[in-house]
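Dear colleague,

Please find below the structure that I am handing over to you, together with its sequence. My findings follow directly after it.

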Amino acid sequence: MKPFTFLFTASLLSLYLGAAPRAHAAAVVALGASQTYGHGVSRGEDYPSQLEKMLAQKGYAVTVKNAGSYSGETTASMLARLDSALSSDTKVVVFQPGRVRGSDTSRSENVRSIKQKLKALHVAFIKIPNRWFKDFPRQSDGQHLTANGYTQLARRLTPMVIRALKTRD
């Protein structure tokens with residue numbers, strides 16, 4: 001079989017079998033507090049893990065790094081650890097600032113600084129509004145999502161992350 005014929009046949013076969021084209025590898029960073037970390041659920045049930053699986057199912061070779069902290073973090077500490085959370089292939093940061101705490105006195109300024117830093121690095125910024133969490137099932141603490149809630153959150157984020165990845169290609 002000639003090389004061209006082989007490649008053409010292989011391409012047709014992959015289309016027939018439903019293989020999605022793979023995008024080049026990229027990184028997404030999920031930066032936040034306990035909702036990002038996945039407080040109260042098993043590793044793999046947190047939204048960053050589920051988002052990575054959903055993106056892979058759509059043909060994206062993307063690693064989603066969970067840069068959530070277990071509890072009580074402020075936007076000031078998120079800003080302080082932003083650089084260490086990023087890698088050279090980071091294309092998107094999904095940011096969830098957590099609930100408003102009295103100790104988070106410079107919240108707006110910190111979020112603005114995070115956005116400016118990412119813009120300078122040509123990294124897309126997606127902010128998860130706190131109001132979204134009311135839409136999803138919660139654990140008995142009334143605050144953190146259940147595994148199903150994190151699945152629903154990841155499902156809502158998937159098209160947004162795909163759009164952001166496409167603008168960074």
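Along the sequence, the elements of the protein follow the pattern α-β-α-α-β-α-α-β-α-β-α. This amounts to 7 helices and 4 strands. Please bear in mind throughout that the model is a predicted one. Of the 169 residues in the protein, 43% are buried.

**Salt bridges**

The whole structure contains 5 salt bridges.

In one of them, Arg-43 and Asp-46 meet through their side chains, with an N to O distance of 3.7 Å.

Another salt bridge joins Lys-117 to Asp-83, with 3.2 Å between the closest N and O atoms. Because Lys-117 belongs to helix H6 and Asp-83 to helix H5 (residues 82-85), this pair ties together parts that lie 34 residues apart in sequence. Lys-117 has a relative accessibility of 31% and so counts as partly exposed.

The side chains of Asp-135 and Arg-156 also form a salt bridge, at 3.0 Å from N to O. Distant parts of the chain are linked by this pair, since Asp-135 sits in the loop between E4 and H7 while Arg-156 is in helix H7, 21 residues apart. Both are partly exposed: the relative accessible area is 37% for Asp-135, and the relative accessibility is 31% for Arg-156. These two residues also belong to a network of salt bridges that includes Lys-134.

**The aromatic pair**

The structure holds 1 aromatic pair. Its members are Phe-95 and Phe-125, whose rings are 5.7 Å apart from centre to centre and have planes at 35° to each other, a tilted arrangement. The pair links distant parts of the chain, with Phe-95 in strand E3 (residues 90-96) and Phe-125 in strand E4, 30 residues apart.

**A positive patch on the surface**

Arg-112, Lys-115, Lys-127 and Arg-131 together form a positive surface patch. One of these residues, Arg-131, is located in the loop between strand E4 (124-127) and helix H7 (147-167). With a relative accessible area of 57%, Arg-131 is exposed.

**Individual positions**

His-122 deserves a look at its backbone. This residue is not a glycine, yet it has a positive phi of about 60°. His-122 is situated in the loop between H6 and E4, and a relative accessibility of 61% makes it exposed.

Ser-108 is part of helix H6 (residues 107-120). Its relative accessibility of 54% places Ser-108 among the exposed residues. From Ser-108 to Thr-75, the C-alpha to C-alpha distance is 8.7 Å, across a sequence separation of 33 residues.

Ser-77 lies in helix H4 (residues 75-80). This serine is partly exposed, with a relative accessible area of 27%. Between the C-alpha atoms of Ser-77 and Gly-32 there are 9.7 Å, although the two residues are 45 residues apart along the chain.

**Where to begin**

- Strand E4 holds Phe-125, the partner of Phe-95 in strand E3.
- The loop between E4 and H7 holds Asp-135, whose partner Arg-156 is in helix H7; Arg-131, a member of the positive patch, is placed in that loop too.
- The loop between H6 and E4 holds His-122, with its positive phi of about 60°.

With kind regards

Technical notes. Residues numbered from 1 in each chain as written. Predicted model: local features only at pLDDT ≥ 70, side-chain atom pairs only at ≥ 80, totals over all residues. Heavy atoms only, no water. Patch = residues over 30% accessible without salt bridge, like charges linked within 9 Å, V, L, I, M, F, W, Y side chains within 5 Å. Areas by Shrake-Rupley, 256 points an atom, 1.4 Å probe, with all protein chains shown as cover. Salt bridge = Lys/Arg side-chain N within 4 Å of Asp/Glu carboxyl O. Lys, Arg positive; Asp, Glu negative; His and termini not counted. Charge placed at Lys NZ, Arg CZ, Asp CG, Glu CD. Helix = DSSP H or I, 4+ residues; strand = E, 2+ residues; numbered from the N terminus. Buried < 20%, exposed > 50% of the residue type's maximum accessible area, 1.4 Å probe, protein only. Phe/Tyr/Trp six-rings, centres within 6.5 Å; stacked < 30°, edge-to-face > 60°.
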